[in-house]
Amino acid sequence: MSCAVGWNTRNSSCTVNGVGDIPVLKTERLRLRPWIEADRALFAEMNSDPRVMEHFPSLLSRSESDALMDRIVDGWRQGYGLWAVERRENAGFIGFLGFSQPRWEAHFTPCIEIGWRLAASSWNQGLATEAAWAALSWGRENVAFPRNEVVSFTTSANAPSRRVMEKVGMTHDPADDFDHPLLPEWVGRRHVLCRLAL
Ligand SMILES: CC(C)(COP(=O)(O)OP(=O)(O)OC[C@H]1O[C@@H](n2cnc3c(N)ncnc32)[C@H](O)[C@@H]1OP(=O)(O)O)[C@@H](O)C(=O)NCCC(=O)NCCS
């Protein structure tokens, strides 16, 4: 994708095709920010890492990763979305976190989900949880959540992701567990759903 917006003089980086104002959120260690072209290569690296993609049906090729990034950026047209996450100490891109709306139907849709994916080198330092608190705080003020709740879901075996849901106060009712409708043949199709009232 070309840089439709131009150069951001604040951080001298090319922001990807702007779709309205994407807010910048700061935490102690992180910045949640709009995506920039330089994220593409690091994002593709993450998406082709078997550790990062252990709980997904397949690794992503470079073109699939680029297409995902384009969809993420475009998703901000709704007024919320998935931020690029970088470390404040060195401005290094480490992944994404934020909100999205599933396009398929299940017993809990329509809904807005909070989701996350970080590079393996950044795991187990509390970073996803730190970013999630910031996103939730922003979301409470800026997003019209259906039923005034945010949900999160993951394949049952994804213990780290389930733990982040727990740490931000989400609750899990086994009666909400579901088979992912887009992945009926996948061994990981069974998913847990967590909810948080906002
Ligand atoms: C899920 C993910 C974003 C978590 O990021 P993170 O920054 O490591 O999360 P945090 O450090 O805030 O918390 C991770 C928690 O999981 C725990 N954990 C890690 N591996 C675990 C395991 N195998 N079993 C049980 N708990 C585990 C950690 O101990 C930590 O809990 P604690 O703070 O109580 O010790 C990261 O693992 C990731 O990007 N995974 C790949 C992508 C993915 O699966 N995304 C979710 C798809 S729904």
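**Strand pairing, helix packing and the ligand shell**

In this predicted model, strand β8, spanning residues 149–155, pairs with strand β11, spanning residues 190–197, in the antiparallel sense over 7 bridges, and within this pairing valine 151 stands opposite arginine 195 of β11. Strand β11 also pairs with strand β9 (residues 171–172), again in the antiparallel sense, over 2 bridges, where histidine 172 stands opposite cysteine 194 in β11. Strand β10, formed by residues 178–179, is likewise joined to β11 by 2 bridges, with the two strands running antiparallel; here the bridge partner of phenylalanine 178 is histidine 191 in β11.

Turning to the helices, α1 (residues 39–47) and α2 (residues 62–75) pack at an angle of about 120 degrees, their axes lying 9 Å apart, which makes α1 oblique to α2. The crossing of these two helices is right-handed. On the α1 side, the contact is made by Asp39, Arg40, Phe43, Ala44 and Asn47, which meet Arg62, Ser65, Asp66 and Met69 of α2. Classified by residue type, this contact of α1 with α2 comprises 3 nonpolar, 2 polar and 4 charged residues.

The ligand is surrounded by 20 residues, of which Ala128, Thr129, Thr154, Ala159 and Arg163 are the closest. Two or more residues of the shell are given by each of β7 (113–118), α3 (127–142) and α4 (159–167), and α4 provides the largest share, with 5 residues. By class, the shell around the ligand contains 9 nonpolar and 9 polar residues, together with 2 charged residues.

Methods. Residues are numbered from 1 along each chain as its sequence is written. This is a predicted model: local features need pLDDT of at least 70, side-chain atom pairs count only at pLDDT 80 or more; totals for chains, interfaces and linings use all residues. Axes are lines fitted to C-alpha atoms, for helices over the stretch in contact, and angles run from 0 to 180 degrees between N-to-C directions. Helices (H or I, at least four residues) and strands (E, at least two) are DSSP runs, numbered from the N terminus. Angles under 35 degrees count as roughly parallel, over 145 as roughly antiparallel, 65 to 115 as roughly perpendicular and the rest as oblique. A crossing is left-handed if the near helix is turned anticlockwise from the far one by less than a right angle, and right-handed if clockwise. Two residues are in contact if their C-beta atoms, placed from the backbone, lie within 7 Å. Ala, Val, Leu, Ile, Met, Phe, Trp, Tyr, Cys and Pro count as nonpolar, Asp, Glu, Lys and Arg as charged, and the others, Gly among them, as polar. A residue is near a molecule or strand if its C-beta atom, placed from the backbone, lies within 6 Å of it. Two strands pair if DSSP finds at least two bridges between them.
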